[in-house]
Amino acid sequence: MNNVTLIGRLTREPEVRYTTGSDPIAVARFNIAINRGKDKSGNDKGADFPNVVVFGKQAENCERFLGKGRLVGIQGRIQTGKYTNKNGDTVYTTEVVANNVEFLDWGDQNKKKEKTE
């Protein structure tokens with residue numbers, strides 16, 4: 001079983017690209033910051049910053065309505081991969097492929113609208 005549920009805040013604006021071919025599909029990529037909580041002494045344990053990938057209409061909605069700092073809930077699966085970079089080194093990747101993205105706060109909706117107009 002490969003299921004993950006995460007809640008965090010976007011660290012940057014979603015980047016959307018479209019696949020090539022006769023029926024292009026939107027692909028959105030962004031990162032979220034997930035706090036690890038505090039230790040027994042009350043010190044911050046830091047945060048994790050997973051990469052998130054979203055496809056289709058949901059990707060377009062992420063581009064339209066999400067921005068840096070927005071709180072989101074992500075449901076999906078973990079996917080790993082690897083590639084060889086231009087130096088010949090093998091680079092391993094891990095990302096969350098989202099099946100569902102829930103917008104948990106809306107913040108200042110006018111701010112995002114102004115950017116797209």
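Reader: Is Asp 48 buried, partly exposed or exposed?

Author: Buried means under 20% relative accessible area, exposed means over 50%, and partly exposed lies in between (1.4 Å probe, protein chains only). Asp 48 has 35% relative accessibility, so it counts as partly exposed. This is a predicted model, in which local features need pLDDT of at least 70, side-chain atom pairs count only at pLDDT 80 or more, and totals for chains, interfaces and linings use all residues. Residues are numbered from 1 along each chain as its sequence is written, and side-chain values use heavy atoms, with hydrogens and water left out.

Reader: Which residue forms a salt bridge with Asp 48?

Author: A salt bridge is a side-chain nitrogen of Lys or Arg within 4 Å of a carboxyl oxygen of Asp or Glu. Asp 48 pairs with Arg 36, at 2.6 Å from N to O. Asp 48 is in strand S4 (residues 47-48) and Arg 36 in the loop between strand S3 (26-35) and S4, 12 residues apart. Strands (E, at least two residues) and helices (H or I, at least four) are DSSP runs, numbered from the N terminus. Arg 36 is partly exposed, at 46%.

Reader: How many salt bridges does the structure hold?

Author: There are 4. One of them joins Asp 105 to Arg 9, at 3.1 Å from N to O. This pair links distant parts of the chain, 96 residues apart: Asp 105 is in the loop between strand S7 (90-103) and helix H2 (109-116), Arg 9 in strand S1 (residues 4-10).

Reader: What is the distance between the closest N and O atoms of Arg 12 and Glu 15?

Author: In that salt bridge they are 3.2 Å apart. Arg 12 is partly exposed at 28%, and Glu 15 is partly exposed at 42%.
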